[in-house]
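The following exercises are to be worked through with the sequence and the three-dimensional structure at hand. Each task is followed by a solution in steps.

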Amino acid sequence: MPFTDDHRRDHGRKRVPEGLCHVCKTCRGAGVPHVSSFGHRSRTWQGGKFRAGLIDWGRVAGNGTLPVHTAWRTVASDLDCTVGNKAGELAMSTMQAVMLTAPGVVEQVTVPVPGAPEGDEVLIRVTRAGICGSELEGVVTKSPRRKPPLIMGHEFAGVIEAVGPDVDTARWRVGDRVVPNPLMPCGQCRTCQRGRTNACPNRILLGLHRDGGHAELAKCSVRHLHRTPSGISDDDAATAEPLAVAVHGVRLLGEAGVLPRSIVIFGAGTIGLLALQSARLAGATTTVVIDRDPHRLEVASRLGATRVIDARTDDGSTDALGRLALEMTDGEGFDGALDCVGVGATRAGAVRMVAPGGTAVWIGSAADEIPVRGMELVLNEKRVQGAYSYTDHDFSAALGLLAAGRVELTSWSKVYGLGEGASLFTRLLTHTEPCIKALLDPRG
Ligand SMILES: [Zn+2]
Ligand SMILES: [Zn+2]
């Protein structure tokens with residue numbers, strides 16, 4: 001095929017469909033009228049056993065220009081690509097999903113269910129899936145990190161629907177409530193062996209490198225599965241992922257030898273509010289939260305922030321924040337800062353407000369600027385620590401905090417049906433949906 005290399009690049013995945021997928025840029029532009037000799041391999045569950053099959057995409061969408069959902073719906077109904085559980089029960093052939101169909105475009109689609117779980121994979125019926133700020137940013141900036149067509153969603157929880165042949169069924173059973181840790185490190189490289197699995201250069205993130213949880217069903221290896229603690233809600237379970245990000249950021253303050261007694265937090269979105277709660281649980285008694293949204297600041301106040309600052313007012317000016325840092329800490333500055341925004345101003349503010357020897361942890365990744373004065377770091381021995389996602393230990397810690405009822409989420413999150421997921425993306429991006437944390441319910 002003359003377009004194989006472009007095709008592979010568009011998909012950006014190791015397993016590239018053989019032939020036209022009619023979805024990626026190359027296939028859409030290929031203009032090949034009929035390619036019935038090429039197809040996508042699938043496995044179907046029929047008569048109590050799996051049968052390898054070949055989906056004839058050429059027959060389905062001859063000119064490669066059919067809308068995504070139309071092509072998929074036709075494939076599924078033509079060929080009965082189905083999946084069932086071990087009991088041999090046919091479940092469904094298609095599912096609803098919210099999909100990044102092109103850079104900057106999120107659509108509601110009907111797609112075939114994922115293939116039956118292979119090896120140590122399980123198929124998960126998603127019960128709740130969060131929309132992450134990084135996904136909203138990725139859509140609006142048309143970030144090349146997420147390559148369409150892609151089902152996003154790295155914050156999700158669900159119930160095991162089917163298990164692969166290598167899964168220990170004494171441990172994992174159909175019906176178990178589970179939370180996948182979507183960050184899958186290789187476990188082999190030097191970075192992994194040093195325990196920095198979150199920074200593994202070979203890591204794979206569900207919802208970014210592979211399809212994630214903004215759908216009725218998703219697949220995950222049991223190696224990355226956590227059991228949902230009994231007694232916690234689906235909302236809480238799906239929030240384990242962003243809470244793990246916050247826990248990781250607070251833990252990095254501790255690793256730098258700083259007792260997190262006084263902490264300033266930039267940003268009162270999901271990560272900021274979870275970081276505030278994590279910091280207080282870790283012993284911080286003085287916490288300041290800075291944001292531009294009065295509603296978010298009100299929530300931060302209710303969650304125990306000692307002081308909240310509206311960045312749009314005079315109190316949010318560089319000089320005023322500098323004075324506040326000294327006033328609130330007996331003239332020393334904060335022990336630590338957590339930047340949960342990630343633009344130049346918040347990164348610089350985080351560094352400026354910590355005491356000599358203090359640590360600024362940069363979690364947010366909204367921009368790529370570093371307007372920090374070098375001498376401020378050198379003369380004051382301030383540390384800047386980048387923070388990316390979490391280790392599996394952080395993930396367990398987050399689930400533990402949720403199980404213990406130590407994290408409040410209900411008052412600032414809202415559940416929406418999966419069917420309004422695409423329009424919800426638009427409303428969140430245009431700030432017309434007054435919600436801090438949006439969660440999708442595929443059953444809604
Ligand atoms: Zn996220
Ligand atoms: Zn690795």
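A residue is called buried when its relative accessible area is under 20%, exposed when this area is over 50%, and partly exposed in between, with a 1.4 Å probe and protein chains only. The structure is a predicted model, in which local features need pLDDT of at least 70 and side-chain atom pairs count only at pLDDT 80 or more, while totals for chains, interfaces and linings use all residues. Residues are numbered from 1 along each chain as its sequence is written, chains are lettered from A and ligands numbered from 1 in the order in which they are written, and side-chain values use heavy atoms, with hydrogens and water left out.

**Exercise 1. State whether S221 is buried or exposed, and identify its contacts.**

Step 1. Locate the residue: S221 belongs to strand β13, residues 217–221. Helices (H or I, at least four residues) and strands (E, at least two) are DSSP runs, numbered from the N terminus.

Step 2. Apply the cut-off: S221 has 8% relative accessibility and therefore counts as buried.

Step 3. List the contacts, a contact meaning heavy atoms within 4.5 Å. When neighbours within four places in sequence are left aside, S221 touches D120 and E121.

Step 4. Look for a polar contact, which is a pair of N or O atoms within 3.5 Å; within protein, one must be able to donate a hydrogen and the other to accept it, and residues adjacent in sequence count only if both atoms are side-chain atoms. The side chains of S221 and D120 form such a contact at 3.2 Å.

**Exercise 2. Describe the chain as a whole: how many helices and strands does it have, and what share of its residues is buried?**

Step 1. The protein chain has 15 helices and 22 strands.

Step 2. Of its 444 residues, 54% are buried.

Step 3. Among contacts with a separation of 6 or more, 65% involve residues 24 or more positions apart.

**Exercise 3. Determine where the buried residues of helix α11 lie around its axis.**

Step 1. Helix α11 spans residues 318–327, and its buried residues are A320, L321, L324 and A325.

Step 2. Viewed down the axis, these residues fall within an arc of 140°, so they line one face of α11. The arc is that of the directions from the helix axis to the C-beta atoms.

Step 3. Recall the general rule: an α-helix has 3.6 residues a turn, so residues three or four places apart point the same way.

Step 4. Turn to the face away from the buried side: there α11 carries the exposed residues D319 and E327.

Step 5. Identify the cover: the elements over the buried residues of α11 include β15 (262–266), β17 and α12 (344–353).

**Exercise 4. Find what T287 contacts.**

Step 1. T287 lies in strand β16 and is buried, with a relative accessible area of 1%.

Step 2. Apart from neighbours within four places in sequence, its contacts include I263, L276, R280 and G304.

Step 3. T287 and V308 are 21 residues apart in sequence, and their C-alpha atoms are 8.5 Å apart in space.

**Exercise 5. Classify the crossing of helices α5 and α15.**

Step 1. The axes of α5 (residues 133–140) and α15 (residues 421–429) come within 11 Å and cross at roughly 85°. Axes are lines fitted to C-alpha atoms, for helices over the stretch in contact, and angles run from 0 to 180 degrees between N-to-C directions.

Step 2. Angles under 35 degrees count as roughly parallel, over 145 as roughly antiparallel, 65 to 115 as roughly perpendicular and the rest as oblique. The helices α5 and α15 are therefore roughly perpendicular to each other.

Step 3. The contact is formed by E135, L136, V139 and V140 of α5 with F425, L428 and L429 of α15.
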